[in-house]
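Morning, everyone. I have one structure to walk through today. Please take a look at it first.

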Amino acid sequence: MLTRARDAIRRFFRLYASDDVLAARYRGRQIEAMLRFTPVAMTINVTNAIVVVLTAWSYGVRLFLVCWALAVTIAACLGLRGWLRARCRSIETASPRTFRHASMQAGVLAALWASMAIVLFPSPDDSLRLFVGLVATGMICGGGFALSTVPGAATSYVAVLGTGSAIAVALSDMNHAPGIGIMLAAYSLIVIFSAWTTARNFVARLVAEMKADQQSEVIALLLRDFENHASDVLWELDRHGRFIHASKRLEACLHLTSAEALSKRAAQLLRHRLGRSREERAAAWDRLRHVFFGRKPFRDEIIHLVGKGGVQSWSLSAGPLYDSRGKLEGWRGVATEITARQMAVERMEWLAHHDTLTGLFNRAYVRSALRERLTCATGKRLAVVCFDLDGFKKVNDTLGHAAGDSFLQEFSRRLKACLTSEDVASRTGGDEFALLLPDLCREEDIAARLEALNALLAAPCRIAGQMVPMRTSMGIAIAPKDGHDVDSLLGSADLALYAAKRDGGACWRFFDLSMSEQARRRTVLEMALRDAITDRQLHLAFQPQLTLSTGSICGFEALLRWRHPELGDISPAEFIPIAEASGQMEGIGNWVLDEASRQAATWPDSISVSINVSAVQLGTDSFLHHVRQSSAVLAPQRVEFEITESLLLECTESAATQLRDLRAMGYRIALDDFGTGYSALTYLRTFSFDTLKIDQSFVRDMGTSDKACAIVDTLLAMSVALDMQTVAEGVETLSDFQTLSRKKCGIVQGYLVSRPLPPTDVAGFLATWRGIEGVPAVADAHGRARPKSAPNRIPIAL
């Protein structure tokens, strides 16, 4: 019995569960409702205080009355301050602390009125007693009503004022004091009960309203989802070319009423909207006339319509309708809006020629522009300036990658401000830039131009709250004196740039023949490379690749390394171009293929190996011969060849044929470093790739750059549309791993999974692989389910 009573009381005083996800919003609405009464309630408090002072002034205790009235006024002003704050911003949520604060304020205000009753009610004057009793009773009832939406505050207010009034009655010499006290307590309980009942009804209405709002949001979301995905428009024409039926979707797309859509021929409605230019309009109209007059089914005829909503791209597919006598009755087809897809294509085409971070042209474009100008301006002088930001690595390391990106953007902004209409500026690498100056031919003019440019660039800039100097080294090469083609001219400018950096930086140097230090090192490396294989200086390291959907290791990328006994570790970025230029890459590439196949043959059958293919390898008979030999050691299905976009730019017909032959033999082909400056969508149509590798620069910038996220989303969507697997490189943080997992990326590789491993450590790595810390375990390297007790750790591999 007592338990049921206690539970009933708890249910009565619990308006909603405190852990309800909407509890904060309920509290906010309760506070908002209470504050609506605040101006009136505080005005009544101040008015009543004034009336009390005027009424009781002649009975003495004047000092108390003045102090008391002042305290009530201050409390009222504090209440009004909260109301004024609430007017400036909508109260969406409120915390339990806000409720406690409201109850405390209500208790303080009630205590002030209770003190008035305690001081004045014991007076021997019956009229004053009657007046004080009426005021106390009215304040109890009025305050309980005004605070009823926050029942805790109402309870605090009524309890304090009721208790104080009861004390005042007890202190008086009235004959019926006990009875009055009992009635006062009963009235207070009734007011408290009423406040809680009112609050329960108020909250019940809130719950109903918010559930209705949630349902409305769900319905609206479903409707929007339907509208967003209903991109196809069905259409039908009669034998005269008029629409037989105009759906709402069709009317909206053409921005016409139903009567307008049905009254004219489709050709009249569409012809003046076709194309984004006069030439495109004429070409599109001729194309449509050809397909319709041909009276044969057609698919995916793309047109661009210009209307009130801007340019929309549509894909048309249709077939002719014939009557029983074989006479054309009309056409029936479907129109699919592909505006977003076309925008993505145009975006990718922009990416093919621009750097996403700075908006400048990329390396591929500047090479193309330089090649064109060298061809068109035979005999004319042309200046090429290569830039390098001094101290950029320090900014990147000390202030972070985001600060480094801001630094590059500020440099690009200043560089753009110095350009003329004939200049071509590009970002060719991390902190490397190039500038073509076709309108300057004398060294004096170039020096004057660079002097003004350097003065503008050298001004310090604020990066990450710090003033950072912008020091720039420049190297200048002039055609045709310093080079007749793109590579020699850029190479000369690079040598001049290195000379400027060797001289302390923040300066420029013109190329001259004495700049041979780099050429000397290049010669040393070229000679040393000839014995690198026989002296076992070359070796492979293998970086694991992780399948996101299963959490298992699916393969390794073979990475070429060179450790010279005297020069130490030499970067592949330095020796591979030397090997390619000196004709040694074919032998090195064949060794890599043989060694990677031999090592991978010792791995489990489910593990594949990715092998990078150099531009000079692809297209040679030796390469294809070695591929056939290696197939006896390792099944083609376990090998993936990676080629870069830069290779595609110079890809010959024989190389393209070899790519197709390799896929026919069962080998997979991956497009590496896509989107880093060489992107050309035409190659995605020309070649069939199995895998698209997302460059680590985009993965690294996902957390700080919306553009990087958009590029990754676009690449993933494009890979799905083209039925390609995706591999994200350079995954170093758990945040990047989780983001890629949400985006449904297929495979990741990077330091988060493991650093590149020596061949002897691969087997141990596979045997001890337990997943990534912070990511639920799914399966081991062989696809077997791992026990939940198995710890998830990042493997340590040096």
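How many helices and strands does the protein have? The protein has 29 helices and 20 strands. Both are DSSP runs, numbered from the N terminus: helices are H or I with at least four residues, strands are E with at least two.

A word on the source. This is a predicted model, where local features need pLDDT of at least 70, side-chain atom pairs count only at pLDDT 80 or more, and totals for chains, interfaces and linings use all residues. Residues are numbered from 1 along each chain as its sequence is written, and side-chain values use heavy atoms, with hydrogens and water left out.

Now the overall numbers. Of the 798 residues, 45% count as buried. Buried means under 20% relative accessible area, exposed over 50%, partly exposed in between, with a 1.4 Å probe and protein chains only. The accessible surface comes to about 41400 Å². Carbon and sulfur atoms hold 57% of that surface. These areas come from the Shrake-Rupley method with a 1.4 Å probe; for residues, only the protein chains shown count as cover. Next, contacts, meaning heavy atoms within 4.5 Å. Take those between residues at least 6 apart in sequence: 65% join residues at least 24 apart.

On to a helix pair. Helix 3 covers residues 38–56, and helix 6 covers residues 126–146. Their axes come within 12 Å and cross at roughly 175°. Axes here are lines fitted to C-alpha atoms over the stretch in contact, and angles run from 0 to 180 degrees between N-to-C directions. So helix 3 is roughly antiparallel to helix 6, a label for angles over 145 degrees. Helix 3 contributes Ala41, Asn45, Asn48, Val51, Val52, Thr55 and Ala56. Helix 6 contributes Leu128, Phe131, Val135, Met139 and Ala146.

Next, Phe193. Phe193 lies in helix 8, residues 177–229. Is Phe193 buried or partly exposed? Partly exposed, with a relative accessible area of 49%.

Last, the strands. Two strands pair if DSSP finds at least two bridges between them. Strand 4, residues 328–337, runs antiparallel to strand 1, residues 232–237, with six bridges. There, Leu237 stands opposite Trp331. Strand 3, residues 310–322, also runs antiparallel to strand 4, joined by nine bridges. Gly319 stands opposite Arg332. Strands 3 and 4 form a hairpin with five residues between them. In the turn, Gly326 has a positive phi of about 80°.

Notes
Angles under 35 degrees count as roughly parallel, over 145 as roughly antiparallel, 65 to 115 as roughly perpendicular and the rest as oblique.
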